[in-house]
Amino acid sequence: MLLQRAYAKINLTLDVLGRREDGYHEVDMVMQTVDLSDVVWLELRDDGEITMESTSSSVPLDERNLCVQAARAFRRRTGFAGGVHIQLEKHIPVAAGLAGGSSDAAAVLRGLNQLSGAGLTLDDLAEIGAEVGSDVPYCVYGGLAIARGRGERVTRFPHVPAMYAVLLHPRIFVSTADVYRGLNPADFTSSPTSEEMVSCLAEGDLERAASLVHNALERVTLSLYPELRALKERVTSIAQRPVHMSGSGPTLFVLTPVQTHAQRLYNALRGIMKDVYVCRFVGGYAPAHAGN
C-alpha cells in the first residue's frame, strides 16, 4: 500500500482574460500549495477493478469522483491493466476553492505511476491530468506556479516563500459555474500580474507580494453570497490585515510571514467559526520522479 499526500492550494492571483470560444474562461493565476492535505492510500488489485472508499460522506465513490477518473485516464494512457483500491482520508474541506478533489486526483496519478512502474514524468502526468480537470495539472506539480489557459498550462517555480496562511472555510456552498457566469467585461484584464507576483516572491519581497494578492472572481462571489461578504468584513476587522478568497470561494485566507501572528489570528478566529486552519507554504513534488 502506497501513501500519497494531496496538498490544498490557494490562489495568490487570479486574473480572467476573457471568455473562450469553447465556453471556458481564459485565466492567468499564481497558485501555491499549503500544508493542509488529504491522504491518499493506493493498493493494487488483481481483478482489474477500480474501487474507492473515503472518510468523508460528502464525496462520491464512483466515476463522478476525480480520483476514479484519474485512475481510468492513467490506464488509458499507459495500458496498465491492473486494478487499484483508493482510500481517501479527507482533511481539505469539500467544494472550498482549495482544489481538494483535483489534488486527490493528482495524488492518484503520481501513486499509480510509482506502483505500476510506468516511469512517466510529472509533465506526462500533468498531460493526463488535463483530461480529468483544469486544476489537476497544477496539482500534479504543486508548489509555486503560474497556471494559464483553463488552468492546465503550468509554469513551475522552485521558490518556497516563507509565508503562512490562515484559512477559514465557512459552510456555504458556492457554485463555480454561477460565479463564472456572473463575470462581465469589467472583470476581465489584459494585464495579469502573475509574473510580477512570482518575481516579488523570488526576491523575498513579501510585503510587495502581499499587496498584489487579488482574485477577479471575488466581486461576483461576494455579490451572490452576501453572508460571505459579511464574514469577510468581520474577519478583516479582527485580523486588521487584508482578507482574500481562494478560487471561486468560499474559503477566505489571511497571509502573514510570522508564525506567531498566524497562531494568534487562528485563536481569535476560532471564536467565530469552527473550520479554521494555520498553514505554511510548501514546495512542489520532486521533478525527478512522480512518487513523492
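Tutor: Let us start with contacts, where contact means heavy atoms within 4.5 Å. Leaving out residues up to four places away in sequence, S246 touches K9, I10, N11, A96, G97, L98, N215, T251 and F253. One caution: this is a predicted model, where local features need pLDDT of at least 70 and side-chain atom pairs count only at pLDDT 80 or more, while totals for chains, interfaces and linings use all residues. Residues are numbered from 1 along each chain as its sequence is written, and side-chain values use heavy atoms, with hydrogens and water left out.

Student: Where is S246 found in the chain?

Tutor: Helices (H or I, at least four residues) and strands (E, at least two) are DSSP runs, numbered from the N terminus. S246 sits in the loop between β9 (244-245) and β10 (252-256).

Student: Is S246 buried or exposed?

Tutor: Buried means under 20% relative accessible area, exposed over 50%, and partly exposed in between, using a 1.4 Å probe and protein chains only. S246 has 0% relative accessibility, so it counts as buried.

Student: Which backbone atom does the side chain of S246 reach?

Tutor: Here we use the polar contact: a pair of N or O atoms within 3.5 Å; within protein, one must be able to donate a hydrogen and the other to accept it, and residues adjacent in sequence count only if both atoms are side-chain atoms. The side chain of S246 reaches the backbone nitrogen of N11, at 3.5 Å.

Student: Which residues does UniProt list for "active site"?

Tutor: UniProt positions are given in the numbering used here, feature names are shortened, and annotations may be inferred rather than shown by experiment. In an unreviewed entry, UniProt lists K9 and D135 under "active site". They span 127 residues in sequence, yet no two of their C-alpha atoms are more than 9.7 Å apart, so they gather at one spot. The lining of the largest pocket includes K9 and D135. On a 1 Å grid over the protein atoms alone, a pocket is an open set of points with protein on both sides within 12 Å along at least five of seven lines, in contrast to a cavity, where a 1.4 Å probe fits but cannot get out; lining residues have an atom within 4 Å of a point.

Student: What are the surroundings of K9?

Tutor: K9 lies in strand β1 (residues 2-19) and is buried at 4% relative accessibility. Not counting residues up to four places away in sequence, its contacts include M31, G97, D135 and S246. The side chain of K9 also reaches the backbone oxygen of G97 at 3.1 Å.

Student: And where is D135 found?

Tutor: D135 is in the loop between α3 (122-132) and α4 (136-141). At 21% relative accessibility, D135 counts as partly exposed. Leaving aside neighbours within four places in sequence, D135 is in contact with K9, M29, M31, A99 and S102.

Student: How many aromatic pairs does a search of the whole structure find?

Tutor: A pair of aromatic rings is described by the distance of the centres and the angle of the planes. Rings of Phe, Tyr and Trp (its six-membered ring) pair if their centres lie within 6.5 Å; planes under 30 degrees apart count as stacked, over 60 as edge-to-face and the rest as tilted. The search finds two pairs. The rings of Y7 and Y285 have centres 6.2 Å apart and planes at 35 degrees, so this pair is tilted. It links distant parts of the chain, with Y7 in strand β1 and Y285 in the segment after β11 (276-280), 278 residues apart. The rings of F74 and F80 have centres 6.4 Å apart and planes at 70 degrees, so that pair is edge-to-face.

Student: Which charged residue lies over the face of Y285?

Tutor: A charge sits over a ring if NZ of Lys or CZ of Arg is within 6 Å of the ring centre and within 35 degrees of the ring normal. R110 lies over the face of Y285, at 3.4 Å from the ring centre. The charged end of R150 sits over the ring of Y24, 4.8 Å from its centre.

Student: Which residues does a cis peptide bond join?

Tutor: It joins G249 and P250, with omega about 5 degrees. P250 is in the loop between β9 and β10.
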